[in-house]
Structures are given as C-alpha cells and as structure tokens.
Amino acid sequence: METPNFLIWAVVVFGIAGFAIVSMVRAFRTPIAVLPFPDTVIDLPAISISDAVMADFVSSVATYKTGNYQDAISQMMPVVEQEPSCAEAWHNIGLAYANVGDNDKAVRSLLKASDAYEQHKTQAGIERLKQDLAILKAQG
C-alpha cells in the first residue's frame with residue numbers, strides 16, 4: 001500500500017518540477033518582443049584612446065550591429081576596464097544589456113556612462129543618454 005502512494009507522490013512532484021523547469025528555460029530563451037535599441041550604437045568614442053583599445057571598441061560595435069549583443073558586451077568590457085572614463089563604451093554596454101533583457105545591468109551601465117559624460121562635459125552624450133533612458137523606461 002505504501003509503494004503506490006509513494007509513486008503517485010513522486011509523479012506529482014516530478015511533474016510539477018518538470019513543468020517549472022521547462023517554463024523557466026522557455027522564458028529565458030524567449031527573445032524580447034521588441035528590442036529597445038536594435039540599431040542604436042555609438043560608433044566612436046569622444047575621448048582619445050589607445051589603438052588597441054580602439055580596435056576592441058570598433059570590433060564590439062561591429063558585433064553589436066550584427067545583433068549579437070551578448071558578444072558585443074563581452075568585447076566592450078575590456079574597453080571599460082582599460083578606459084573606465086570612456087562614456088560611449090559604457091553607453092553601448094547599457095544599450096546591449098537592454099537588448100538582451102537585462103534592464104538592471106543596462107541602467108547601471110548607462111549611469112556609469114552618465115558619470116563619464118559629466119566628467120568630460122559632453123552635453124550631446126548626456127542628452128542622448130536621457131532619450132535612451134526614457135525609451136528603456138517606456139519599455140517597462
């Protein structure tokens with residue numbers, strides 16, 4: 001009598017767990033319905049950076065333009081590690097994070113871009129950043 005109860009219990013528990021796992025995997029694999037910044041990327045930094053860092057920057061912009069936002073983030077990270085005051089790099093990272101659906105990291109990166117724009121007194125960058133934050137906020 002105990003074995004059938006255990007089997008029923010096990011089937012119910014594993015069924016619920018399986019449904020939860022499948023739902024989570026599907027949620028993480030589902031792309032964002034509308035990308036907030038599909039074509040928005042800053043092509044060149046406003047500050048002077050070394051040739052090697054510039055090569056990384058340009059490469060990440062090209063990757064971004066292909067729609068491979070996760071790789072663009074990975075390629076842009078060395079840029080901000082070597083040039084943390086490069087506002088355009090932080091800005092591009094924020095845009096890419098928004099496109100992959102990680103709005104928390106997007107906002108953090110955009111705030112770092114804001115600090116760098118303020119540091120360099122780049123009013124055009126600040127204005128563009130405000131517009132992008134408004135778009136991100138409207139997306140929810």
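**Entry 1**

I started with Asp-43, which has 40% relative accessibility and so counts as partly exposed (buried is under 20% relative accessible area, exposed over 50%, partly exposed in between, with a 1.4 Å probe and protein chains only). This is a predicted model, where local features need pLDDT of at least 70 and side-chain atom pairs count only at pLDDT 80 or more, while totals for chains, interfaces and linings use all residues. Residues are numbered from 1 along each chain as its sequence is written, and side-chain values use heavy atoms, with hydrogens and water left out.

Which residue does Asp-43 pair with in a salt bridge? I found Lys-65, with the closest N and O atoms 2.9 Å apart (a salt bridge is a side-chain nitrogen of Lys or Arg within 4 Å of a carboxyl oxygen of Asp or Glu). The pair links distant parts of the chain, 22 residues apart: Lys-65 sits in helix α2 and Asp-43 in the loop between α1 (2-29) and α2. Lys-65 counts as exposed, at 53% relative accessibility. Helices here are DSSP runs of H or I with at least four residues, numbered from the N terminus.

**Entry 2: the other salt bridge**

I get a count of 2 salt bridges. Glu-127 and Lys-130 also form one, at 3.7 Å from N to O. They are 3 residues apart in helix α6 (residues 123-139), so about one helical turn separates them. Glu-127 is partly exposed, with 35% relative accessibility.

**Entry 3: along and around α2**

I then went back to α2. Its 15 residues reach 21 Å from first C-alpha to last, close to the 21 Å expected at 1.5 Å a residue (the expected span is 1.5 Å times one less than the number of residues).

Which residues of α2 are buried? I listed Val-53, Phe-57, Ser-60, Val-61, Thr-63 and Tyr-64. They lie on the same side of α2, because they cover an arc of only 160° around the axis (the arc is that of the directions from the helix axis to the C-beta atoms). The face turned away from that buried side carries the exposed Asp-51, Ala-52 and Lys-65.

**Entry 4: a cavity**

I found 1 cavity of 30 Å³ or more (on a 1 Å grid over the protein atoms alone, a set of points where a 1.4 Å probe fits but cannot get out; lining residues have an atom within 4 Å of a point). The largest cavity holds about 40 Å³ of space. Its lining includes Ser-60, Val-61 and Tyr-64, and α2 (51-65), α3 (69-82) and α4 (87-99) each supply at least two lining residues.

Definitions and conventions
1 Å grid on protein atoms, 1.4 Å probe; cavity = no way out; pocket = protein on both sides within 12 Å on 5 of 7 lines; lining within 4 Å. Points joined across faces, edges and corners; volume = space filled by probe spheres on them.
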